[in-house]
Amino acid sequence: LAGSQTLQRALLSVDAAVLAEKAGRYELAPSLSASAGADLAWPRASLAAGAGASVGLGVSQVIFDGKIPIRIAIDALDTVMARQEARAEYFGVREAADTAFTGVVEAQSSLDAADADLAAARAREDLARARLEAGIVIRADLLKAESETAAAETAAALAASRRRIPSCSSS
């Protein structure tokens, strides 16, 4: 799950939505401003008469702006949507991983069954060969057993190739 780029992008979009929501809430906070200034007029008769300074302090607070609550509500909805999209992406990645795991388990089970069938077919072939040498069966029985062994070898090779081929698609 940690390696999923789409999941990481979804989580980043959640973080971006949360930051946008916080930024919208900061618009409601009061703002404070300070200013200072000085001037000097030259030449004047006296330095005291030509120098001046000023200092100012201001505080402002928006009493009512109808757009701010709407923007905050939209930002909150964006955050909720981003979280839902991230949750959906998480479950999508999780489902893909589960599907891949199930596919590997099924392929391994198929390979194990094919190997067991191959071992049984080889045992039947050895038995048919021994019976033919003893004169109990005819050559057709041995050929049938050899054919079954070849079919079991083909099935085992096919199961082995299916196990090596990844069949899961990831997003």
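Biologist: Quick one to start: what relative accessibility does Tyr-90 have?

Modeller: Tyr-90 comes out at 29%, so it counts as partly exposed. Buried means under 20% relative accessible area, exposed means over 50%, and partly exposed is in between, with a 1.4 Å probe and protein chains only.

Biologist: And what is this model?

Modeller: This is a predicted model: local features need pLDDT of at least 70, side-chain atom pairs count only at pLDDT 80 or more, and totals for chains, interfaces and linings use all residues. Residues are numbered from 1 along each chain as its sequence is written, and side-chain values use heavy atoms, leaving out hydrogens and water.

Biologist: Back to Tyr-90. Which residue forms an aromatic pair with it?

Modeller: Phe-91. The search of the whole structure finds one aromatic pair. Tyr-90 and Phe-91 sit edge-to-face, 5.2 Å centre to centre, with 70 degrees between the planes. Rings of Phe, Tyr and Trp (its six-membered ring) pair if their centres lie within 6.5 Å; planes under 30 degrees apart are stacked, over 60 edge-to-face, and the rest tilted.

Biologist: What is the relative accessible area of Phe-91?

Modeller: Phe-91 has 47%, so it is partly exposed.

Biologist: Zooming out, how many helices and strands are there?

Modeller: Four helices and two strands. Along the sequence the pattern is α-β-α-β-α-α. Helices (H or I, at least four residues) and strands (E, at least two) are DSSP runs, numbered from the N terminus.

Biologist: What share of the residues is buried?

Modeller: 19% of the 171 residues. The protein exposes about 12400 Å², and carbon and sulfur atoms supply 61% of that. Those areas come from the Shrake-Rupley method with a 1.4 Å probe; for residues, only the protein chains shown count as cover.

Biologist: Which residues make up the largest nonpolar core?

Modeller: It has eight residues: Leu-111, Ala-114, Leu-118, Ala-121, Ala-152, Ala-156, Ala-159 and Ala-160. Helices α3 (67-134) and α4 (139-164) each give two or more of them. Apart from it lies another core of five residues, including Ala-10, Ala-17, Ala-82 and Ala-86. A nonpolar core is a set of buried Ala, Val, Leu, Ile, Met, Phe, Trp, Tyr and Cys residues joined through side-chain atoms within 4.5 Å.

Biologist: What does Ala-121 contact beyond its sequence neighbours?

Modeller: Leaving out neighbours within four places in sequence, Ala-121 is in contact with Glu-148, Thr-149 and Ala-152. Contact means heavy atoms within 4.5 Å.

Biologist: New topic: α1. Which of its residues are buried?

Modeller: Thr-6, Leu-7, Ala-10, Val-14, Ala-17, Glu-21 and Gly-24. They cover an arc of only 105 degrees around the axis, which puts them on the same side of α1. The arc is that of the directions from the helix axis to the C-beta atoms.

Biologist: What's on the face turned away from that buried side?

Modeller: Exposed residues: Gln-5, Arg-9, Leu-12, Leu-19 and Tyr-26. Tyr-26 has a relative accessible area of 61%. Its C-alpha is 10.0 Å from that of Ile-72, 46 residues apart along the chain.

Biologist: Last bit. Where is Thr-79, and is it buried or exposed?

Modeller: Thr-79 is in helix α3. Thr-79 is buried, at 1% relative accessible area. Setting aside neighbours within four places in sequence, Thr-79 is in contact with Ala-17, Val-18 and Glu-21.
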